[in-house]
Amino acid sequence: MVKAVLFDLDGTLLNTLPDIRFVLNETLKKYSYPEITVDEARAYIGEGAYRLVERALPDYATNIEEFFEDFKKVYAACANERTYVYEGMTELVTRLKAKGVKVAIITNKPQEATEECVKQFFGDTFDFVGGDSGDFPCKPDPTLARYAALTLRVSPAECVFVGDGETDAQTAINAGMKGVSVLWGYRTRQQLEKAGATRFASSVKELEKFL
């Protein structure tokens, strides 16, 4: 029986790509570095903000720590005006809650930006919100997912991990949870299959049927 559903955030619940790219390019311009394309931004997202910055910076950049702190500050303060909830996801989360299922967010996005996004788009709906606070390793390490299960008082076997990326599929496996990979996010089915994903949802209806 499913007692908790753990959701990734970027590419799963929210399309944050336009705002992430905008803030990243504004920061790149500030340092006179080349901007990145939409396709590059999509490919770089998924392994945390630091890895995103590492990938976006040119090889000759030597100030990654300063740049990273700048990017984090600006992104946490942005209005998320280009970000939107994927159609049907708010309603799905609401229905899960009504059935007594616990809902959580497990993301590699920095904790402050995660909390701002969740508050803006979902209010206090989620029972647990975990981002990159520095207290736990980033996905695909399963520690934060397992900590969420412990906090929610459910076993990993009673959890489903829903995400759009390779790290999400691998986190589900590493944490001993059932995994579902959604196909409306930032990765293709082929990329997800290579990461070990075996269950896929191309629509919210398909996802809810599995849950």
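Below are my entries on ring pairs, a ring cluster and charges over rings.

Entry one. I kept in mind that this is a predicted model. I then asked how many aromatic pairs the structure holds. The count came to twelve.

Entry two. I picked Phe7 and Phe126, which form an edge-to-face pair. Their centres are 6.3 Å apart, and the planes make an angle of 85°. The angle is over 60 degrees, so the pair counts as edge-to-face. I also looked up where the two sit: Phe7 is in strand β1, and Phe126 is in the loop between α6 and β5. This pair links distant parts of the chain, 119 residues apart.

My next pair was Phe136 with Tyr147, and it is tilted, with 5.1 Å from centre to centre and 35° between the planes. Phe136 lies in the loop between β5 and α7, while Tyr147 belongs to helix α7, so the pair ties together parts eleven residues apart in sequence. I found Phe136 partly exposed, with a relative accessible area of 24%. Tyr147 is partly exposed as well, at 38%.

Entry four. Which residues do ring pairs link into a cluster? I noted Tyr31, Tyr33, Tyr60 and Phe67.

Last, I looked for charges over rings. Arg82 lies over the face of Phe22, 3.7 Å from the ring centre. Arg189 has its charged end over the ring of Phe200, at 4.1 Å from the centre.

Conventions. Residues are numbered from 1 along each chain as its sequence is written. This is a predicted model: local features need pLDDT of at least 70, side-chain atom pairs count only at pLDDT 80 or more; totals for chains, interfaces and linings use all residues. Side-chain values use heavy atoms; hydrogens and water are left out. Rings of Phe, Tyr and Trp (its six-membered ring) pair if their centres lie within 6.5 Å; planes under 30 degrees apart count as stacked, over 60 as edge-to-face and the rest as tilted. Helices (H or I, at least four residues) and strands (E, at least two) are DSSP runs, numbered from the N terminus. Buried means under 20% relative accessible area, exposed over 50%, partly exposed in between (1.4 Å probe, protein chains only). A charge sits over a ring if NZ of Lys or CZ of Arg is within 6 Å of the ring centre and within 35 degrees of the ring normal.
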